[in-house]
Amino acid sequence: MPGDFEAIIESFPDALLSIRSDGPPTYRGENPHRIIVAGNPNAFRMFAQLLNMMADTVEQRSDDSGLGWNFVVGTETIPQLQMDEGHLLSLVCDPDTVATK
């Protein structure tokens, strides 16, 4: 799948996707933030294709016990992605949540 991943990223050179934490101090919790995902239409198309690729791969192999797919990315991996300094984006697709047919 690395080739597919890279092909998706390269298909959207003009995508601008920003993921950051922000929020007023009135949010509940010890370290309150909301996660804001902002971008242009191609950024959302790129992100959607990456998520679809993950889901399709895990679903196709859902019979393999313990198989899942996760990756951690930053701006070095996806230049179109901007995040708070020092943060990484972790995406995990767990086959245990795949519905049985």
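Leaving aside neighbours within four places in sequence, which residues is Gln80 in contact with? Select Ile9, Phe12, Pro13, Ala15, Leu16, Leu17 and Met46; contact means heavy atoms within 4.5 Å.

A word on the source. This is a predicted model, where local features need pLDDT of at least 70, side-chain atom pairs count only at pLDDT 80 or more, and totals for chains, interfaces and linings use all residues. Residues are numbered from 1 along each chain as its sequence is written, and side-chain values use heavy atoms, with hydrogens and water left out. The pLDDT (the predictor's confidence in each residue, from 0 to 100) averages 81 over the protein, and 76% of the residues score at least 70.

Stay on Gln80. It lies in the loop between β3 and β4; helices (H or I, at least four residues) and strands (E, at least two) are DSSP runs, numbered from the N terminus. Its relative accessible area is 8%, so Gln80 is buried (under 20%; exposed is over 50%, partly exposed in between; 1.4 Å probe, protein chains only). Its side chain reaches the backbone oxygen of Phe12 at 2.8 Å.

Next, select Leu50. Leaving out residues up to four places away in sequence, Leu50 touches Phe5, Ile8, Ile9 and Ile78.

Now go to β5. Leu89, Leu91 and Cys93 point to one face and are buried.

Finish with β3 beside β5. The two run antiparallel, joined by 5 bridges. Find Phe71: it stands opposite Leu91.

Note on methods:
Two strands pair if DSSP finds at least two bridges between them. A polar contact is a pair of N or O atoms within 3.5 Å; within protein, one must be able to donate a hydrogen and the other to accept it, and residues adjacent in sequence count only if both atoms are side-chain atoms.
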